[in-house]
Amino acid sequence: MNKISENCINCPAHNISNLKKLGIDMSSFDYVVALAGNPNTGKSTVFNYLTGLKQHTGNWPGKTVTRAEGAFEYNGKKFKLVDLPGTYSLLSTSVDEEVARDFILFGQPDVTVIVIDATRVERNLNLVLQILEITDRVVICLNLIDEARRNQIEVDHRTLSKELGVPVIPASARQGEGMDELLKYIYEVAVGSYICKPNRLRSRSKELNEAIEKLTEMIKEVFPNLPNTRWVALRLLEGDQNIIDAVRNGELGNINLSKIVEIEKEAAY
């Protein structure tokens with residue numbers, strides 16, 4: 001075995017002691033991290049590992065959906081971790097999906113960690129691709145890698161990372177495996193030293209692509225501070241009533257609804 005240098009041992013990538021579990025101490029923090037994923041992917045185990053909590057829950061404002069929040073410190077920076085409801089989609093067919101979508105879209109977390117099941121990667125990719133339409137700042141935790149090995153399932157995480165354009169970290173949260181690497185990438189994406197470049201799906205329809213691009217640019221002109229204009233454009237073109245309602249009730253900022261309707265009509269032609 002090659003001898004690891006002292007400098008390498010002490011660097012954040014190889015030293016889990018850089019993690020300080022802060023539990024419910026969220027009095028101050030530098031960055032907000034959202035934790036998303038399908039149900040039964042081990043998302044709560046990741047949350048508990050990073051925060052040191054067994055459970056700290058409450059209800060989302062105005063919702064009956066349970067939320068969990070905690071904090072940790074890593075490499076001198078404090079992170080607030082928000083465990084979003086487990087969901088298979090962000091298309092708002094349920095309250096859980098609406099809560100997860102709205103936090104990623106409107107809460108604008110500094111990093112979104114998507115926990116996926118290494119034994120069921122294909123099933124989990126639907127949510128991954130939807131989140132990548134909303135935010136560039138994503139780290140994927142390929143959890144339950146020990147279960148995958150036990151079932152002789154091999155996942156090429158490097159190729160998956162290349163195809164998606166974001167870091168993919170093999171992990172077993174209950175064993176602590178891969179968690180130091182996960183922390184390293186959360187930190188690097190948060191501080192901006194790692195720039196994610198997600199590969200987003202494009203429709204085969206030239207007309208639809210042109211409509212999306214045109215609508216996106218027009219929305220940017222009206223809302224220059226909105227970071228998720230392409231996803232908003234997609235949802236508006238699909239007639240997502242929840243997004244229209246979000247515009248109407250001001251969740252997207254001080255938005256002129258009639259102007260959005262005009263933009264939709266122009267992009268459709």
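Modeller: Start with F72. F72 counts as buried because its relative accessibility is 0%. Buried here means under 20% relative accessible area, exposed means over 50%, and partly exposed lies in between (1.4 Å probe, protein chains only). F79 is also at 0%, so F79 counts as buried too.

A word on the ground rules. This is a predicted model, where local features need pLDDT of at least 70, side-chain atom pairs count only at pLDDT 80 or more, and totals for chains, interfaces and linings use all residues. Residues are numbered from 1 along each chain as its sequence is written, and side-chain values use heavy atoms, with hydrogens and water left out.

Now the rings. Rings of Phe, Tyr and Trp (its six-membered ring) pair if their centres lie within 6.5 Å; planes under 30 degrees apart are stacked, over 60 edge-to-face, the rest tilted. The model has 4 aromatic pairs by this rule. In one of them, F72 and F79 are stacked, with 5.0 Å between centres and 10 degrees between planes. Y31 joins in as well: ring pairs link Y31, F72 and F79 into a cluster.

What else does F79 touch? Contact means heavy atoms within 4.5 Å. Leaving out residues up to four places away in sequence, the partners of F79 include F29, Y31, V33, F72, Y74, I186, Y187 and A190.

F79 also matters for the core count. A nonpolar core is a set of buried Ala, Val, Leu, Ile, Met, Phe, Trp, Tyr and Cys residues joined through side-chain atoms within 4.5 Å. The largest one holds 68 residues, and V46, F79, V113, I140 and L182 touch the most other members. Helix α7, residues 179-191, gives the largest share of this core, with 8 residues. Helices (H or I, at least four residues) are DSSP runs, numbered from the N terminus.

V46 takes us to helix α2, residues 43-51. Buried there are K43, V46, F47, L50 and T51. They lie on the same side of α2, because they cover an arc of only 110 degrees around the axis. That arc is taken from the directions from the helix axis to the C-beta atoms. An α-helix has 3.6 residues a turn, so residues three or four places apart point the same way. After α2 comes G52, with a positive phi near 80 degrees.

Terms used:
Helix = DSSP H or I, 4+ residues; strand = E, 2+ residues; numbered from the N terminus.
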